Amino acid sequence: MADESNAGPVAAAVVTDTEMKPSTTKKRRSPRPQKASAGPAQANTPAAKRRGYTEQEKSEKLKQIETQVSEGSTLKDAIKSAGISEQTYYHWKSAAKPGEQKGTKDPGPLPAGDDLAALVELEEENQRLRKLLAEKLRAENAELRKRLGLD
């Protein structure tokens with residue numbers, strides 16, 4: 001019970017401590033100085049404005065890239081010199097092929113040179129011949145199994 005009688009002065013001491021602390025207010029900052037008037041310059045050249053190309057400009061850039069690649073330049077360098085991104089190049093290239101459907105299997109990008117085009121043709125013929133050989137081997141295997149009485 002003695003503790004209860006001492007509670008009064010302690011509470012008064014706490015109150016006096018809070019009264020003695022100075023109030024802490026935030027310092028006010030001075031307003032930021034305005035930048036030089038760059039309003040008209042920004043209006044003329046916005047940073048991320050989308051550039052729309054006409055169909056003729058698109059086809060010219062695609063032809064430019066194809067000629068640079070056929071002259072020995074890499075595809076990335078040719079795209080960079082045309083001033084477009086790789087994604088834009090492939091998007092334009094796919095849009096330029098109206099005969100293809102989205103559901104068909106894409107054989108990949110066509111090679112630029114005559115030697116590479118001949119190589120692609122040889123690879124296609126090689127696949128065709130492998131299929132023929134597999135069919136003949138299956139037929140001979142089935143015939144052999146008949147002769148041996150395994151079927």
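**Entry 1: Lys61**

I started with Lys61, which is buried yet has no salt bridge. For the record, buried means under 20% relative accessible area, exposed means over 50%, and partly exposed lies in between (1.4 Å probe, protein chains only). A salt bridge needs a side-chain nitrogen of Lys or Arg within 4 Å of a carboxyl oxygen of Asp or Glu. I looked for the nearest side chain of opposite charge to Lys61 and found Glu57, 7.5 Å away. On charge, Lys and Arg count as positive and Asp and Glu as negative, while His and the chain ends are not counted.

Lys61 sits in helix α3, residues 55-70. Helices here are DSSP runs (H or I, at least four residues), strands are E runs of at least two, and both are numbered from the N terminus. What does Lys61 touch, leaving aside its neighbours within four places in sequence? I noted Tyr53, Ala82, Ile84 and Trp92. Contact means heavy atoms within 4.5 Å.

**Entry 2: what I am looking at**

A reminder to myself: this is a predicted model, where local features need pLDDT of at least 70 and side-chain atom pairs count only at pLDDT 80 or more, while totals for chains, interfaces and linings use all residues. Residues are numbered from 1 along each chain as its sequence is written, and side-chain values use heavy atoms, with hydrogens and water left out.

I then read off the overall picture. The protein chain has 6 helices and 0 strands, so by the DSSP naming the elements run α-α-α-α-α-α from the N terminus on. Of its 151 residues, 7% count as buried. The accessible surface comes to about 14400 Å², and 54% of that belongs to carbon and sulfur atoms. Those areas come from the Shrake-Rupley method with a 1.4 Å probe, and for residues only the protein chains shown count as cover. Among contacts between residues at least 6 apart in sequence, 31% join residues at least 24 apart.

**Entry 3: the nonpolar core**

Next I asked which residues make up the largest nonpolar core. There are 8: Leu62, Ile65, Ala78, Ile79, Ala82, Ile84, Tyr89 and Trp92. Helices α3, α4 (75-82) and α5 (86-95) each supply at least two residues of this core, and the largest share, 3 residues, comes from α4. A nonpolar core is a set of buried Ala, Val, Leu, Ile, Met, Phe, Trp, Tyr and Cys residues joined through side-chain atoms within 4.5 Å. In soluble globular proteins, nonpolar side chains tend to be buried together.

I followed two members further. Tyr89 is in helix α5 and is buried, with a relative accessible area of 5%. Beyond four places in sequence, Tyr89 is in contact with Leu62, Ile65, Leu75, Ile79 and Ile84. Tyr89 and Ile65 are 24 residues apart in sequence, and their C-alpha atoms are 9.1 Å apart in space.

Not counting residues up to four places away in sequence, Ala78 touches Ile65, Gln68, Val69 and Ser73. I also checked Ala78 against Glu66: the two are 12 residues apart in sequence and 8.1 Å apart in space, C-alpha to C-alpha. Glu66 belongs to helix α3 and is partly exposed, at 46% relative accessibility.

**Entry 4: the salt bridges**

How many salt bridges does the structure hold? I found 3. Side chains of opposite charge can pair when their charged atoms come close.

- Lys58 and Glu55 meet at 3.6 Å, N to O. They are 3 residues apart in helix α3, so about one helical turn separates them. Lys58 is partly exposed at 22%, whereas Glu55 is exposed at 60%.
- Glu125 and Arg128 have their closest N and O atoms 4.0 Å apart. Both lie in helix α6, 3 residues apart, about one turn of the helix. Glu125 is partly exposed at 38%, and Arg128 is partly exposed at 47%.
- Arg147 and Glu143 meet at 2.7 Å, N to O. Both lie in helix α6, 4 residues apart, about one turn of the helix. Arg147 is exposed at 63%, while Glu143 is partly exposed at 43%.

**Entry 5: a surface patch**

Last, I looked at Leu144, Leu148 and Leu150, which form a nonpolar patch on the surface with about 320 Å² of accessible area together. Patches are made of residues with over 30% relative accessible area and no salt bridge; like charges are joined within 9 Å, and nonpolar side chains (Val, Leu, Ile, Met, Phe, Trp, Tyr) within 5 Å. Leu144 lies in helix α6, residues 114-148, and counts as partly exposed at 44% relative accessibility.
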